[in-house]
Amino acid sequence: MRDRLDISMRANHVFFAVLMGIGLICVALAVAMNDTFYLRLGTEALILGGLALSVDILLGFGGLLSLGQALYFGIGAYVSALVLREVPSFWLAMAAATGVTLLAGIIGGLIANRVRGVYFALITFGMAQVVAKVVYNTRELGASDGLIGVPVLEIPLGVITVSAGDPLAFFLLTLSVLTILYAAVAYLFTTPFGRVVIALKANEKRVPFLGYNTWGPRMVCYVVAALVAGITGALYPMLRGFVSPELMFFASSGNAVIMVVLGGVGTLIGALYGAVLLTFLKSVVGSYTEHHLIAIGVIFIFAILFMPKGIIGVAKPSLERRLIRFDEQTDAARIKATGERA
Amino acid sequence: MESYLHYVLAPQMLNGLALGISVILVALGLTIIFGLLDVINMSHGEFYAIGAFGALALSLSGMNYWVLIALVPLLMIPLGIITERYLIRRVYDGADRHVTTLLVTFGLGLILEDILKILFGPNTHRPANPLPGATDLFGIVIPTYRLFLIAIGAVVILAVTFVVYRTRLGAIVRAASFDRNMAASLGVRVGWVYSGAFAFGVTLAGLAGVLLAPVYSVFPTMGRDFILLAFTVVIVGGLGSIWGAVIAGIFLTQVQAISSLVISPVWADPIVFGVMVLVLMFRPQGLFGRMGHA
């Protein structure tokens, strides 16, 4: 019997490798053509992809729709900006953002985890909106203007030092951070613990009868999602040099949900595909008209009606069949070679 | 002390009541759509904005405001029926109804908001007040229009409750939402009941938009700010409960009104939200159950 989760994750990894390949080719082209705009746009797409990844952790694996995931993204971004304005240290900013989002995620989880389904969606929506409004009205946090003047960073990475002002270097750094986050989350869901989370999504009432705690895994799932959002959020001010309360508002959370649905719910990698697609779409449509919301809304509704599994969902089943066939062939070859019986 | 009561506390509470009635009107539509169709309508705020803009546009073309109060909600009915037939029904029987219907209406909200921006521009409009001036109510001075808002809102809320709980039509609708197969086998045209219930909720949002246009400014994203409060009211009252929405609506707006006398109004939102969290701690399903289900 083949492990479906294992096959599914390997298919995701293939898609991840494809995205990496495409990304690196585009980067090579951009460097060859001396472009910085598309490099920075690509970096932004990846950062927003981290937020979308965090939404997919909750929606695709925990079965919980969060309409306020931008809260943690914003917290990460604000903490990072506050630290960087005082001490321009990459590692300190990342550590502080991680610590604060961990704490915020635990508090938010304690509140949101009391409810399920639509109540969960609405309470996460409310939490983000209220915190965003408080930030919007707090002068110490820059109020409606946000925090500006985040210095251009020099990031020491062991042997080399890269500058956040260098589009290529910062793109590669962001790509590395996303790769680490993706790998960590993908690994987490293949562990027995991750399988309990997936089981909870399938049938919450049955899991306790098998002797598992339901509250704990869901809580950890929520906090992990918050951390992913917070860590990628911390990269945002390094790219843009400022943070604004809009980062936390519903538009950001809603965008992340759109990205996940476009890319494919429950695939982890779909979030990144969706983020790249939506960011570039916005940039292209936005250069013709400021009314790009209509285009995005129409595409989004079409995706839900006619392509409910997203881009990845269309291509994934055939890839999975291919992977299974490949497994069977290698098994057969091994049995033939060693003469053992299956 | 007497003067504080007369000139500060009482007007503040009455203004809070006017806001509360308005929020209840918006929340009623949300809660009816959820209670009867099991759908969270994320585009509800945009329907509310459409009502306000409809009133604005028609009054600019010279129509009487009092006609608009009846006309604009009627114009919302086809919009509601089309949305239910061609968007919600398509995903209604899918695997995860709550999430997909929520997402579809969210997408619709994006489109509607941008259409409003294209038609009316992003700026804020201020329609003329049909009842200018203030009324002296037992020594408490309050803008006349707000008094009218409280009165008509109360009438609408009572009428809606009466229709849902005390008439044959309401019984049919509740039966269809409780067990649609059973209702269908008794001859109820369930498809029309669902369209009608959704259109009814949208109509209420439109009505709230018309009524509130003279009090609050009209702008394309006006629904977004208001909808958070309406959602909070619906959650505290219990999704799908009409009385829950009424009680929670009045309670929360009074908390907001009175607390903003003592502290900065900026913190009123977090306090209201804090009340919601507290309620959810002890009653995750809200204060009251769902209509047709309890």
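How many residues does the contact take from chain B and from chain A? Here are some notes to get you started, bearing in mind that this is a predicted model.

1. The contact between the chains. Chain B puts in 35 residues and chain A puts in 31 residues. On the chain B side, four helices each supply at least two of the residues that touch chain A: H3 (65-92), H4 (97-120), H9 (222-237) and H11 (268-282). As for the make-up of the side of chain B that touches chain A, you'll find 25 nonpolar residues, four polar and six charged.

2. H6 against H8 in chain A. Now turn to helix H6 (residues 167-190) of chain A, which packs on helix H8 (residues 215-240) of chain A with the axes 11 Å apart and an angle of about 180 degrees. Angles over 145 degrees count as roughly antiparallel, and H6(A) and H8(A) are therefore roughly antiparallel to each other. From H6(A), the residues making this contact are Phe170(A), Thr174(A), Val177(A), Leu181(A), Val185(A) and Leu188(A). H8(A) answers with Val224(A), Val228(A), Ile231(A), Leu235(A) and Leu239(A). Sorted by class, that contact has ten nonpolar residues, one polar and no charged ones.

3. H1 against H6 in chain A. H6(A) also meets helix H1 (residues 4-32) of chain A: the two axes come within 12 Å and cross at roughly 180 degrees. That makes H1(A) roughly antiparallel to H6(A). On the H1(A) side you can pick out Leu5(A), Asp6(A), Met9(A), Asn12(A), Phe16(A), Gly23(A), Val27(A) and Val31(A). They meet Leu168(A), Phe171(A), Leu175(A), Tyr182(A), Ala186(A) and Thr190(A) in H6(A). The class count for H1(A) with H6(A) is ten nonpolar, three polar and one charged.

4. Strand S1 (residues 154-157) and strand S2 (residues 160-163) of chain A run antiparallel and are joined by four bridges. To follow the pairing by eye, start with Glu154(A), which stands opposite Ser163(A) in S2(A), then go to Leu157(A), whose bridge partner in S2(A) is Ile160(A). Two residues sit between the strands of this hairpin, and Gly158(A) takes a positive phi near 70 degrees.

5. A hairpin in chain B. Here strand S1 (residues 134-137) and strand S2 (residues 140-143) of chain B are antiparallel, with four bridges joining them. Ala134(B) is placed opposite Pro143(B) in S2(B). S1(B) and S2(B) make a hairpin with two residues between them, and in the turn Phe138(B) has a positive phi of about 50 degrees.

6. Two loop residues to look at. Leu268(A) isn't a glycine, yet its phi is positive, at about 60 degrees. You'll find Leu268(A) in the loop between helix H9 (250-263) and helix H10 (269-288) of chain A. Is Leu268(A) buried or partly exposed? It counts as buried, because 28 C-beta neighbours lie inside 10 Å and the cut-off for buried is 20 or more. Over in chain B, Asp38(B) is another non-glycine with a positive phi, this time about 65 degrees. Asp38(B) belongs to the loop between helix H1 (2-37) and helix H2 (44-60) of chain B. With 17 other C-beta atoms within 10 Å, Asp38(B) is partly exposed.

7. A residue in H12 of chain A. Ala315(A) is part of helix H12 (residues 310-338) of chain A. It counts as partly exposed, with 16 C-beta neighbours inside 10 Å. Thr174(A), from the H6(A) contact with H8(A), is 141 residues away from Ala315(A) along the chain, and their C-alpha atoms are separated by 26 Å.

8. What the record says about chain B. An unreviewed UniProt entry lists several stretches of chain B under "transmembrane region", including residues 12-37 and 140-165. In the model, residues 12-37 of chain B are 100% helix and 0% strand, with the end C-alpha atoms 37 Å apart. Residues 140-165 of chain B come out as 85% helix and 15% strand, and there the end C-alpha atoms are 36 Å apart.

Conventions: Residues numbered from 1 in each chain as written. Chains lettered and ligands numbered in written order. Predicted model: local features only at pLDDT ≥ 70, side-chain atom pairs only at ≥ 80, totals over all residues. Contact = placed C-beta atoms within 7 Å. Nonpolar A, V, L, I, M, F, W, Y, C, P; charged D, E, K, R; others polar. Axes fitted to C-alpha atoms, helices over the stretch in contact; angles between N-to-C directions. Parallel < 35°, antiparallel > 145°, perpendicular 65-115°, else oblique. Pairing = 2+ DSSP bridges. Buried ≥ 20, exposed ≤ 12 C-beta atoms within 10 Å, placed from the backbone. UniProt positions renumbered as here; feature names shortened; annotations may be inferred.
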